[in-house]
Amino acid sequence: MTAQAAESRDLAVVIGLEVHVQLETDTKIFCGCSTEPAEEPNTNTCPVCLGLPGALPVLNEGAVEAAVKVGKAIGASIPEETAFHRKNYYYPDLPKNFQITQYDAPICQDGVLEFGHEGERRSVGIRRAHLEEDPGSIKHVREGTESLEARTCSIDRADYTLIDYNRAGTPLMEIVTEPDFRDPAEVRAFLEKLEEVLEYLGVFDPTRDGSLRIDANLSVVDAEDVDADGEIDEDVLEEANRTEVKNISSHKGAEQALSFEASRQKKLLESGRAVAQETRHFNETHGNTVAMRSKEEEKDYRYFREADLPPLQVSDWKDEIEIPELPDARRERFQAEYGLSAEAASKLTSTKQVADFYEQLAREYDADLVATWVADNLLGELNYRDMDVTDIEDRLEEIATLVELVAEEEITAKNARETVLRGMLDDGDDPKTIVDREGLGKTSGDAVQEAVEEAIEENPDAVEDYHSGEDGAINFLVGQVMQKTGGSADPGEVNGLLREELEG
Amino acid sequence: MSYNAFITRETIESDAEGPLADKTVAVKDNISTEGVRTTCGSAMLEEYVPPYDATVVERLLDAGATIPGKTNMDEFGMGTTTETSAFGPTDNPAAEGRVPGGSSGGSAAAVAAGEADLALGTDTGGSVRCPAAFTGTVGIKPTYGLVSRYGLIAYANSLEQIGPIAPSVEEAAELLEVIAGPDERDATTREAPWASEERAGDAREQREASGDSYADAADGDVEGLEIGIPTELLDGADEEVVETFWDAIDELEARGASYHEVSMESLEHAVEAYYVIAMSEASSNLARFDGVRYGPTPDYEGNWNEEFAAVREEGFGEEVKRRILLGTYALSAGYHDKYYKQAQDARAWVKQDFDSALEEADVLASPTMPVPPMERGESLDDPLTMYLADANTTPVNLANLPAISVPAGETSDGLPVGLQLIGPAFGETEIIRAGSALA
Ligand SMILES: [Zn+2]
């Protein structure tokens, strides 16, 4: 779009993404080195991932399997045969000064990902998704006596650069979307959904540093060039100058970076200036994007076939690779099978771990009760503490015990939530210890009966009110009994006992 | 006298009992040896000591071989004379004052001079066969995928194979026996198709069990052998070389073989296609030598790219720089289709032509080199002439086929001439059998 044309017109934003996700595999994509984060730099390495002269790549089938799972989950077409190319460029984090990646025969093409955004179903096209190797990581450092962390700085101020090849060779999947986004908030919703799906597939660990890296292309066009279905003519897109925003590493960051970039471009166009076609760097601290200092030349990666890796036949193999039930399907099933509300089903399928945990308990105890416990109590208390299920994943057995205590009516729901669950999360104790220590075992039989009789004897006014038909009186008496039993009696049971006593 | 056959003389011993227990096997200096520097004949890797052994080195040591040292070569295999080495040229023991051929000139010279019983070379476009022809020894370029390249420092990885150099066909076959066979660290290695299903894990044992080892094939029996002679590979060759070639064919005929001429038009384009592909791959394979971990200690001001450029300017020789530049150009946007893609098309055509020619013949024959060994220094200033000397060997690499060079005789000046025999994929036994009738 020319600068003049933009004046006093409605503008629309067009965004496309390149999302790099690290695939969870035991070993690297082309060698047997572990992908676990290592304490010491350059320890999870071998001649292959160090790119030593003479070493050769051998494809890890686990990475291919993970990629096929992603392809199936996004309904992509997976070719009969897939092949690898070399992408040639010089960078110190690249052991061979070329990256083994896929070019004209990617493992996935033409997929789609659906997600909800502002109450509507949206779907974004996935142009392609391919496998490649992660480079190493580099750190720019100043001379000095402080700790290495303190001396880590920007390249302009650095005296030297350290290279760590532990990450080199970690399998990456680059997922390239169509330019289907019209709003930065949509991008965020898409990324959340993508991550959810990848987690469900068991191919992604969001807690790992650098597991998600996003490059985004953004351009601004005349709103009238966007048709009713949100489609834009290819020529219009071709014409519009776009910027590529790099260094985005979170959902929130993506929304922030693209919101900044959208309004920056709109302002330029509205004031009659042109948008420069350039690469910009997202600064997470300042929430803005800045043009890369040296204007990058048009890169020529000189792609050509990697002869060290023969083309891989995936046609027969791909049918044997199964994927688990995906979040949308599971959500619907939870509503149908356990009679949950849409909201509860949604909360309970937010991650595969939560959904699996719910389902395990719902099979044994009352599905409704378990839903309240997991969706409201557990997730609510975690959320309040800024925690996640992953933070307590080794304590799910204890939570299950707590739910069992409630389901078997060993303790009251109120005590379970307010005393036991909170104590567990705040102090790290196990539920039975807390129940014993606090004497929360539900008081029953004689003790409750005794408290009921006492309450009636001590409160003749309330008894009188009850008999004259005042509704509040019974509640008052229940409260008295609960006080006497330290809250450990079942209020429903107390209510019944009081009525029995008063009527009798 | 010293022929400068070795870059590093350092003995690697083996205690293993095996078929090579009493043999010394010199190893070309682009094949990684753990703890022994491996230079590729380049100043860039003068100090590089690999932390691991190439698969073929493991197999040599498992077979009981002693490695007497690492042999001289054209820098990164880029040459036909062993004169582009950063460690000085190698002389030709069979024709002193002449080049020993290249790029495995050190390996061939070591065998020809008796400084090693056997040697390993590598053949990207003739680098085993050419020095074998020039030094009067035997060299085999195996089918692509027969021998593991793990640990071979790549020049052009879609073309090259490690192969044996020996005084006789039988000894070359014995060495091939030791190094051949699939390797899980090289995904391009393949089981020879004739290995039986149930024994797929061990082709060598299979062959030995059936009494059909490579060495057993060296029985000189050419009765009924049909030889095809591509006329294109005789065109433009030195007259005396052609005469010597026909003498060798006559001898094979006298022992029961017959021959016919065949035209393979694609071969006219093979050498160009070869150089485009080899240089393109080289430009990528050699990119890692940037001074970060290899090469002269960087002591330059400036950004990364400037520093990389300075290190590469200093660490690489002229021929290597020429090939990297040309290869980079051939892969560049705008030229990729014109050069790299067209070269790939030509490669496919060459393969097809060989397939057809080998339907009518058991083996194909040609002079290994169209010329006798050059005087030292003669071809250095004229790269194009040097490239054209590879016209007969490069098509074989493009087609991934096996070939052997055996001594065919000598010119009137006593210069060695080699005969090249080309077989079908994994047809090593056929070229060994045919070649053994002459050497
Ligand atoms: Zn590794």
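In which strand of chain B is the place of B:Lys28? In this predicted model, B:Lys28 is in strand E2, residues 25–28 of chain B.

**Annotated residues in chain B**

An unreviewed UniProt entry places the feature "active site" at B:Lys28, B:Ser103 and B:Ser127. These residues span 100 residues in sequence, yet no two of their C-alpha atoms are more than 10.9 Å apart, so they gather at one spot.

B:Ser127 lies in a loop of chain B, between strand E4 (118–123) and helix H3 (129–135). A residue counts as buried if 20 or more other C-beta atoms lie within 10 Å of its own. The table gives the values for two of the annotated residues.

| Residue | Other C-beta atoms within 10 Å | State |
|---|---|---|
| B:Lys28 | 32 C-beta atoms within 10 Å | B:Lys28 is buried |

Contacts can be listed for both residues, leaving aside neighbours within four places in sequence. For B:Lys28 they include B:Thr71, B:Met73, B:Ser104, B:Gly121 and B:Thr122. B:Ser127 is in contact with residues including B:Gly77, B:Gly102, B:Ser104, B:Gly121 and B:Thr122.

**A sheet in chain A**

Chain A has an open sheet of three strands in the order E4-E3-E14, with antiparallel pairing. Its edge strands are E4 (98–101) and E14 (304–305) of chain A, and each pairs on one side only. Strand E3 (residues 85–88) of chain A pairs with E4(A) in the antiparallel sense over four bridges. Within E4(A), A:Thr101 is the bridge partner of A:His85.

How values were computed
Residues numbered from 1 in each chain as written. Chains lettered and ligands numbered in written order. Predicted model: local features only at pLDDT ≥ 70, side-chain atom pairs only at ≥ 80, totals over all residues. UniProt positions renumbered as here; feature names shortened; annotations may be inferred. Helix = DSSP H or I, 4+ residues; strand = E, 2+ residues; numbered from the N terminus. Buried ≥ 20, exposed ≤ 12 C-beta atoms within 10 Å, placed from the backbone. Contact = placed C-beta atoms within 7 Å. Pairing = 2+ DSSP bridges.
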